[in-house]
Amino acid sequence: YTFSRASSQTYEKSDGTLGTVTSGNPAFQYSGGTAQGVLLEGARTNLITNSGALESWTKVGTTITANQGQAPDGTSTAELVGVALGGIMRVSRAVSPSTTYTFSGYVKQAASGSATHVRATTNNGVAWNTGASTKIALTSEWQRVTVTWTTGAGDSNAYLMFGGKDAADGNDADCTGDFLVWGAQFRAGST
């Protein structure tokens with residue numbers, strides 16, 4: 001077969017950490033440390049520019065401190081987020097109407113003062129109940145939190161949030177405390 005890629009690709013290595021392959025080289029998909037085959041994905045663009053600098057996001061009832069932990073790729077670039085009740089960190093992005101998008105990032109417990117859960121939540125930047133929210137239990141291991149939704153017919157903007165608000169603007173006490181976050185992504189499509 002013929003394989004080509006014009007850019008590098010990040011993938012999960014057999015030990016569960018992230019690795020990067022250079023352009024023109026295939027990445028392999030692993031599950032439980034066992035190779036599953038070549039990782040094939042369509043071309044997509046992360047719509048969050050500089051996704052390693054989340055301290056520039058808008059903070060509401062949160063604090064963000066850069067470079068506070070080892071990220072999934074082995075660098076010391078994970079961000080420490082402190083969340084008060086109902087706190088969020090958010091960024092706004094332009095979207096197309098009636099289009100499916102996926103917002104995601106890697107999260108894990110902080111060394112101390114850790115929240116037990118974190119939410120990834122979206123809305124159209126105008127009103128609550130216009131997006132989606134997912135809640136994940138934090139552990140000592142990195143895991144990807146993902147929320148997928150389809151924008152409304154008149155939507156042109158989206159808020160992307162990590163923290164303690166659900167899609168209806170409800171405060172989630174389980175999400176109060178600290179957590180680490182890294183590698184935020186926002187892409188058109190369901191993955």
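Predicted model: local features only at pLDDT ≥ 70, side-chain atom pairs only at ≥ 80, totals over all residues.

User: What makes N50 exposed or buried?

Analyst: The relative accessible area of N50 is 58%. The cut-off for exposed is over 50%, so N50 counts as exposed. N50 is found in the loop between β4 and β5.

User: Why is A184 called buried?

Analyst: Buried means under 20% relative accessible area. A184 has 0%, so A184 counts as buried. A184 lies in strand β12.

User: Which residues is A184 in contact with, leaving aside neighbours within four places in sequence?

Analyst: Contact requires heavy atoms within 4.5 Å. On that basis A184 is in contact with N46, I48, S51, L54, W57, S104, G105 and F162. Separately, A184 and Y106 are 78 residues apart in sequence, while their C-alpha atoms are 7.1 Å apart in space.

User: How do you know that S51 has a polar contact with A184?

Analyst: A polar atom of the S51 side chain lies 3.4 Å from the backbone oxygen of A184. The limit for a polar contact is 3.5 Å, so this pair is within the limit. S51 has its place in the loop between β4 (34-38) and β5 (58-69). Not counting residues up to four places away in sequence, S51 touches N46, G183 and A184.

User: Now the charged residues. Why is the pair R119 and D172 called a salt bridge?

Analyst: A salt bridge needs a side-chain nitrogen of Lys or Arg within 4 Å of a carboxyl oxygen of Asp or Glu. In R119 and D172 the closest N and O atoms are 3.0 Å apart, and the pair forms a salt bridge. The pair links distant parts of the chain, with R119 in strand β8 (residues 117-123) and D172 in the loop between β11 (157-163) and β12 (177-188), 53 residues apart. Side chains of opposite charge can pair when their charged atoms come close.

User: How do you know whether D172 is buried or exposed?

Analyst: D172 has a relative accessible area of 9%. The cut-off for buried is under 20%, so D172 is buried. R119 is buried as well.

User: What makes D172 and K135 a salt bridge?

Analyst: The closest N and O atoms of D172 and K135 are 3.1 Å apart, and the limit is 4 Å. The pair therefore meets the definition of a salt bridge. D172 lies in the loop between β11 and β12 and K135 in strand β9 (residues 133-137), so the pair ties together parts that are 37 residues apart in sequence.

User: Why is K135 called partly exposed?

Analyst: The relative accessible area of K135 is 33%. Partly exposed covers values between the 20% cut-off for buried and the 50% cut-off for exposed, so K135 is partly exposed. D174 also has 33%, so D174 is partly exposed too.

User: How is D174 paired with K135?

Analyst: D174 forms a salt bridge with K135, the closest N and O atoms being 2.7 Å apart. D174 lies in the loop between β11 and β12 and K135 in strand β9, so this pair ties together parts that are 39 residues apart in sequence. R119, K135, D172 and D174 are linked in a network of salt bridges. The whole structure has 4 salt bridges.

User: What secondary structure does the protein have, and why is it called as compact as a globular protein of its length?

Analyst: The protein has 0 helices and 12 strands. Its radius of gyration is 17 Å, close to the 16 Å that the globule rule gives for 191 residues, so the protein is as compact as a globular protein of that length. Along its principal axes the C-alpha trace spans about 50 × 45 × 25 Å. Of the 191 residues, 39% count as buried.

Conventions:
Residues numbered from 1 in each chain as written. Heavy atoms only, no water. Helix = DSSP H or I, 4+ residues; strand = E, 2+ residues; numbered from the N terminus. Polar contact = N/O pair within 3.5 Å; in protein donor to acceptor, adjacent residues only side chain to side chain. Buried < 20%, exposed > 50% of the residue type's maximum accessible area, 1.4 Å probe, protein only. Rg over C-alpha atoms; globule rule 2.2 N^0.38 Å.
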